[in-house]
Amino acid sequence: MKKSISDVSRFINGRGSDRRTFLKGTKIAGLGGLAASTLPFTSAFAQSKKVVAIMPGVFMPDPARPIVEQLSGVKLENAPYVSPTDTLAKLMAPGGTKNYDVMVSLTQFVKGPALGEKDGDERLHALDMSKIPNAKNLMPLFKKDIVTRAGKTYMIPVVWGYDSVIYNADKIPTEDPLTQSWGVLFDDKYKGRIAWRDDAHGMIMAAALHRGHPDPVAMDANDLKDITAYLIDRKKNVRTMWTKFGEAVNLVSSGEVWAMYGWIAMRAVLQKQGLNVTNNWPTDGLLTWNQSGFVPKDSPNAANAEAVINAMLSKEYGQKLTEVTNYPSTSAEVAALFSAADKRKLGFDLVDRGVKLYGLNFPANIDKWVESWNIIKTA
């Protein structure tokens, strides 16, 4: 690996363990009140099989779990989840390929270490695609992210999302051209009413896109120096930087800030609170990501794990996941279930609406990004 796990732990921990607090937030906001399942659950059947899973809790909310168990015929037992960094560490540790049955984590972060340098080095089980027929319904946007090698499939995207600006439309008019880019987080216009995320990866990526860099991951030392200077200059407009999910939500719900770097689930919670909050679709580049399901190489329950991945690609699970959390399924069947208005709100129409997409991939010099971010924060 060109970058150590510790180099990215601060970013990746936030994208994992902080997001799990969303489950608590959904209960507070009333999102957890949906029916437990749209399908009957035959407990005796499911109890005969089980898998031990590691995945973000937000991807298996209470209303969705019985759907997965019914469709797979497998009891899903979640091991304690910490973060994608921790998930990868567990997989790569001695004996780690036999301790768990199924994992869900950030595709671009996991695939390099998990595959190894060459054919035969994989720490993942080669999936039997005949047992995952729902994979054929994957949205075209994510087919390129299926992880394969030598004709074998190892990882399949199951959930996706995007990071953008979350803002209060009662304070910042949607028709304001500034809201159509990342510029709302950097411009003087809303000085003192914006919040950044305390995160080198996302903030430097957003600033680079706003500055017109075509490929932030490929920035050299001079490019990074320019972005660092820009963010130091723009920091004067920032009221605060958030680190936790609940902290970010409270900043907007209290009215302390009007716009922030944010996540889909934050939008969902704030809207359920009755606030006129939305997200923008930055013309300079929407930051997208996806998380894949995969099976450790020596899982004793690989067939059951494949059944769970197939269930997570079903339209029944995907619909419930999207309804509860706003995180979209990668299944085209799920997208087809929503109205045109909901597709537009949720982002299922990203390709059709012509939004510039940029993957939240990791630069090889992430350690330099972290160093630059520390300079920015202390400047």
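**Note on the predicted model: backbone, helix packing and rings**

1. Helices here are DSSP runs of H or I with at least four residues, strands are runs of E with at least two, and both are numbered from the N terminus. The model is predicted: local features need pLDDT of at least 70, side-chain atom pairs count only at pLDDT 80 or more, and totals for chains, interfaces and linings use all residues. Residues are numbered from 1 along each chain as its sequence is written, and side-chain values use heavy atoms, with hydrogens and water left out.

2. Overall content. The protein chain holds 17 helices and 11 strands. Of its 379 residues, 56% are buried. Buried means under 20% relative accessible area, exposed means over 50%, and partly exposed lies in between (1.4 Å probe, protein chains only). The chain exposes about 14900 Å², and carbon and sulfur atoms supply 51% of that area. Accessible areas come from the Shrake-Rupley method with a 1.4 Å probe.

3. Contact range. Take the contacts between residues at least 6 apart in sequence: 78% of them join residues at least 24 apart. A contact means heavy atoms within 4.5 Å.

4. Helix α8. Burial covers 10 of its 11 residues, so α8 is largely enclosed by the rest of the structure. The buried set runs A200, H201, G202, M203, I204, M205, A206, A207, A208 and L209.

5. α8 against α9. Helix α8 (residues 200-210) packs on helix α9 (residues 221-234) at an angle of about 100°, and the axes are 10 Å apart. The two helices are therefore roughly perpendicular to each other. On α8 the contact uses M203, I204, A207, A208 and H210; on α9 it uses L224, I227, Y230 and L231. These residues divide into 8 nonpolar, 1 polar and no charged. Axes are lines fitted to C-alpha atoms, for helices over the stretch in contact, and angles run from 0 to 180 degrees between N-to-C directions. Angles under 35 degrees count as roughly parallel, over 145 as roughly antiparallel, 65 to 115 as roughly perpendicular and the rest as oblique. Nonpolar covers Ala, Val, Leu, Ile, Met, Phe, Trp, Tyr, Cys and Pro; charged covers Asp, Glu, Lys and Arg; the others, Gly among them, are polar.

6. R234. This arginine is found in helix α9. R234 counts as buried, at 11% relative accessibility. Neighbours within four places in sequence aside, R234 is in contact with F186, D187, D188 and W196.

7. Aromatic pairs. The whole structure gives 15. One of them joins F59 and Y327, edge-to-face, at 5.8 Å centre to centre with 90° between the planes. The pair links distant parts of the chain, 268 residues apart: F59 in the loop between β1 (50-54) and α4 (65-72), Y327 in the loop between α13 (315-325) and α14 (332-335). F59 is buried at 2% relative accessible area, and Y327 is buried at 1%. Ring pairs also link F142, W160, Y162, W281, F338 and F348 into a cluster. Rings of Phe, Tyr and Trp (its six-membered ring) pair if their centres lie within 6.5 Å; planes under 30 degrees apart are stacked, over 60 edge-to-face and the rest tilted.

8. Positive phi outside glycine. A150 has a positive phi of about 50° and sits in the loop between β4 (147-149) and β5 (152-168). A150 is exposed, at 55% relative accessibility. N326 has a positive phi near 75° and lies in the loop between α13 and α14. N326 is buried, at 8%.
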